[in-house]
Amino acid sequence: MGLARTVWNTVKSMVVGHAITARELTARPITIFYPEEKPEYPTGSRSVPVLKVNEESGWLNCTSCGLCERTCPPTCIEIDQAVDPETKKKKPWPHTFTLDLSHCMVCNLCIEACPFDALEMLDVAELSTYQVQDLKFNKEQLIDLWKTGKAIRIAEGQSMPEITTSDPRGGR
Amino acid sequence: MNDVLAAVLEAIAVLTYVALNAFVLIWLERKIAGHIQRRVGPLRVGGPSGALQSLADGIKLFSKEDFRPGGKDGFVWWLAPLVSMTPAVMVFIAIPFGQHLIIQDMNIGLIFIASITSFGLLGVFMAGWGSNNKYSLLGAMRAGAQLFSYEIPAILSTIGVVLAAGSLSLETIVAKQSAHWFLFPQIIGFIIFYIAALAETNRTPFDLPEAESELVAGYFTEYSGIRWAMFPFAEYGSLFTSCALATTLFLGGWHGPLFLPGWIWFLLKTYILVFVAMWIRWTLPRVRIDQLMDLGWKFLIPLSLVNILGTGAYIALVR
């Protein structure tokens, strides 16, 4: 009885195993040929926080309040508030807004902290440069980056949107 | 003079075939491995299928530094790849690819092949001994135990076929299968032979001599470049010859429906067996050394003896 059961289990597990590998052999490979074929990033992918332009006014939403600067754990954001040159009064927009992506850990905390919906997270991953100082983005570059990709804001305990990708290999 | 010329031409033909066959099999193995793991395998070398990947690897191996480990047993170490490759090539002499498409039909063809394949163990052991490396020696010890254990069921399982055919000549054995293949009366023999052939060619469920997670690369740890390449060459050569022998003995050799010539049927059956060996390699995990020995000595050898007994009794009583 013991031997018969062993043989039966052996044969059964071998048949099942070979059926599984045969199925995988005929299935479509999940390899993506990266430079030629771009993967579809799942919604909510993070690459760099960027400055949002208000579509109604055409200006930045940023009021230069400095909450993101203070909340940033690696302190990679530097904001210089705009000042009226004549009255020396502070103005509610940034004069410079610098984000050092080489330090940024893409934690989303600046976006969580922003009370004015001024920052959004970009999902474009191809930002590498030859010089590390080229990763220091100024205000204009951050606006340009916002225009290139589809940046979204996920904050205040908001749950991730449904992953919507047509590619069956995406979102794994 | 003509005999010498013919022998040289035959040797060149066999060596060319062995080399091309190894290139194709290595490419095929990598493709199958890739697709079973839902990757794509070799790519871009020689078209989108990567068909010339093995050739590129071969050129790379030829151009590598000829590294010799310190403390080696020089002559033994140098000779080992050649000794291990020669039997894989020599077996081709006796395999009938088609009717009259055989280099030398011997009346002891099967004994010739059995003795030549056992010779490969010598090369493996020389490599392990000559390298002066603990992993090499352990791998060679394992190879010795394994090849010795599985040689016995492999030979015993063919005796049933010899009894049924009444000849040791491989061409006669194939000719006797024109009515029906020996697969169905000898199904147990076929299974034993195939398992033993996998073990003798060190393929994955039984690849203990070169278990990379335990022994780096086993007996060829200290080899590199083209010397190293001779071991996979021998391995894929003997994989092909084992499957060709299984085709000859059990699957009717060159026999098949008439719309294709015999040698195509032979190669088709052989490559299907090779494919199954690759499929098994990428499905089953490696067994332990005690399981390997148990399977060989406690299961395959008694079963093959029972098979011989049954075949002999059938032939004595019924015919």
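How many Å separate the centres of domain 1 of chain A and domain 2 of chain A?

1. Taken over C-alpha atoms, the centres of domain 1 and domain 2 of chain A are separated by 56 Å. The division places residues 1-30 in domain 1 and residues 48-148 in domain 2 of chain A, with bounds that come from an automatic or database domain assignment.

2. On provenance, this is a predicted model, in which local features need pLDDT of at least 70 and side-chain atom pairs count only at pLDDT 80 or more, whereas totals for chains, interfaces and linings use all residues. Residues are numbered from 1 along each chain as its sequence is written, while chains are lettered from A and ligands numbered from 1 in the order in which they are written.

3. Chain A holds an open sheet of three strands in the order S2-S3-S5, with antiparallel pairing; strands here are DSSP E runs of at least two residues and helices are H or I runs of at least four, both numbered from the N terminus, and two strands pair if DSSP finds at least two bridges between them. Strand S2 (77-83) and strand S5 (136-137) of chain A are at the edges, each with a single partner strand, so one side of each has no neighbour in the sheet.

4. Strand S3 (residues 90-100) of chain A pairs with S5(A) over two bridges in the antiparallel sense, and A:Leu99 stands opposite A:Phe137 in S5(A). Helix H4 (residues 139-148) of chain A packs on the sheet, where it touches S3 and S5 of chain A, and its direction makes about 75 degrees with that of S3(A); axes are lines fitted to C-alpha atoms, for helices over the stretch in contact, and angles run from 0 to 180 degrees between N-to-C directions.

5. Chain B contains eleven helices and zero strands. Its radius of gyration, taken over C-alpha atoms, is 20 Å, close to the 20 Å that the globule rule (2.2 Å times the number of residues to the power 0.38) gives for 319 residues, so chain B is as compact as a globular protein of that length.

6. Between the chains, ten residues of chain B are in contact with nine residues of chain A, a contact being two C-beta atoms, placed from the backbone, within 7 Å. Helix H1 (residues 2-36) of chain B gives the most to the side of chain B that touches chain A, with three residues.
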